[in-house]
Amino acid sequence: MLPRILNLSNEIESSIFLFGARQTGKSTILRQQFPNAIYIDLLDSSIKERYRRNPTLLYEMLNGKPEGTLVIIDEIPEVPALLDEVHRLIVESGLVFILCGSSARKLKRKGHNTLGGRAFPVYLYPFVSTEIPEFDIDRAVTFGMLPPHYLAKNPSRLLAGYINVYLKEEIKEEALVRNLDAFQRFLEVAALTDGEIVNNANIAQDCGVRATTVNAYFDILEDTLMGYRIPAFRKVMKRRLMQAPKFYYFDIGVANHLLHRKELVRGSADYGHAFEHLVIQEIYAWLQYTHSEEELSYWHTYTGIEVDAVIGDARVAIEIKSAEEIQRRHLKGLKAFADEYPESRRILVSLDKLSRTIDGIECLYVLDFFKTLWNKGL
């Protein structure tokens with residue numbers, strides 16, 4: 001397995017929750033980086049059932065271990081009652097835990113012990129470009145960056161199974177929604193609006209549910225780490241701005257599957273949408289992995305002028321175009337942004353291999369942008 005950029009050794013000042021969507025590689029990274037830790041795998045049904053029947057087994061097994069002993073519990077949401085024993089072992093014995101799961105929703109929803117601030121959350125995302133030797137931008141745009149999918153010979157079959165498992169194990173078995181058919185339709189409609197400004201009323205009409213239900217469905221996607229909403233930039237100077245958020249699935253491959261987009265061709269509208277999503281996905285992961293306190297937002301005026309990504313308080317503005325030859329018309333949004341925020345750094349990311357600066361705007365080939373992101377930062 002390819003080494004990941006997330007170094008969990010740097011995160012463990014105390015115990016942590018390691019969260020990540022299914023198949024992002026949580027179990028793999030834990031076994032790679034901590035081969036000598038005590039490892040408890042709750043995906044093993046026999047072990048899971050024993051702990052469910054008697055959670056105090058954990059205390060009996062670990063009490064008396066030396067202070068600072070590292071214990072990994074994989075899929076802790078499967079037996080959330082163990083958190084009481086984890087809490088006791090942290091307080092009494094000074095053990096350090098990595099508690100792994102694909103969703104925090106099970107813990108929040110059932111009101112289980114969240115360790116009173118004694119463990120903080122860390123997130124693992126799909127592959128990012130710097131983790132992949134000979135990174136293939138077209139493959140990433142089409143199939144996404146989940147490790148099994150990017151590396152597979154037949155990613156389409158895996159993507160179909162991924163959605164089915166998500167619906168069965170995360171949604172149906174946990175009874176997160178009453179109407180599974182409506183939620184499945186919502187997943188598809190949400191994919192249609194992926195990277196677009198969210199309009200709950202329109203989505204509700206398409207799904208045959210209430211707008212409040214749509215908002216709750218988006219909450220479920222965020223809580224199960226299947227997507228995230230990016231807020232609108234709100235610092236108004238001259239132009240009136242949109243205020244609703246945009247939604248992105250956590251991985252472009254998932255969105256493509258829900259939209260039945262398979263072979264994406266450069267120059268097509270579908271490729272352009274997927275390309276923008278992939279770049280946003282990379283920026284989002286970079287901000288999280290670097291523990292940035294700056295917010296990621298987008299800028300969109302009521303007259304239709306837009307910048308795809310704004311970092312912080314207008315410190316950096318990024319426009320994303322899948323064009324293979326940048327022309328001045330592609331700079332319109334960033335130039336309008338500069339009129340209001342002249343001190344901002346302005347970047348246009350594209351498939352044009354000739355990186356250069358035009359009218360104060362850094363026009364970067366997408367792979368040059370990714371290298372800058374991970375080597376120097378923005």
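Helix 13 runs for 21 residues and reaches 31 Å from first C-alpha to last, close to the 30 Å expected at 1.5 Å a residue (the expected span being 1.5 Å times one less than the number of residues). Helices here are DSSP runs of H or I with at least four residues, strands are E runs of at least two, and both are numbered from the N terminus. This is a predicted model, so local features need pLDDT of at least 70 and side-chain atom pairs count only at pLDDT 80 or more, while totals for chains, interfaces and linings use all residues. Numbering starts from 1 along each chain as its sequence is written, and side-chain values use heavy atoms, with hydrogens and water left out.

**Helix 13**
- Of its 21 residues, 17 are buried, so helix 13 is largely enclosed by the rest of the structure (buried means under 20% relative accessible area, exposed over 50%, partly exposed in between, with a 1.4 Å probe and protein chains only).
- Tyr 271 and Phe 275 sit 4 residues apart in this helix, about one turn, and both are buried.
- After the helix comes His 291, with a positive phi near 55 degrees.

**Helix 4**
- Helix 4 covers residues 82-93, and its end C-alpha atoms are 16 Å apart, which agrees with the 16 Å that 12 residues should span at 1.5 Å each.
- Its buried residues include Glu 85, His 87 and Ser 93, along with Leu 82 and Ile 90.
- Gly 94, just after the helix, has a positive phi of about 70 degrees.

**Aromatic rings**
- You'll find 22 aromatic pairs in the structure (Phe, Tyr and Trp rings, the six-membered one for Trp, with centres within 6.5 Å; planes under 30 degrees apart are stacked, over 60 edge-to-face, the rest tilted).
- Phe 247 and Tyr 249 go edge-to-face, at 5.1 Å centre to centre and 80 degrees between the planes; both are buried.
- Tyr 271 and Phe 275 are stacked instead, at 6.4 Å and 15 degrees.
- Ring pairs also tie Tyr 125, Tyr 228, Tyr 248, Tyr 284, Tyr 289 and Trp 374 into a cluster.

**Charges over rings**
- Arg 31 puts its charged end over the ring of Tyr 39, 3.7 Å from the centre (the cut-offs are NZ of Lys or CZ of Arg within 6 Å of the ring centre and within 35 degrees of the ring normal).
- Arg 88 lies over the face of Tyr 59, at 3.5 Å from the ring centre.

**Whole chain**
- The chain has 15 helices and 13 strands.
- Buried residues make up 54% of its 378 residues.
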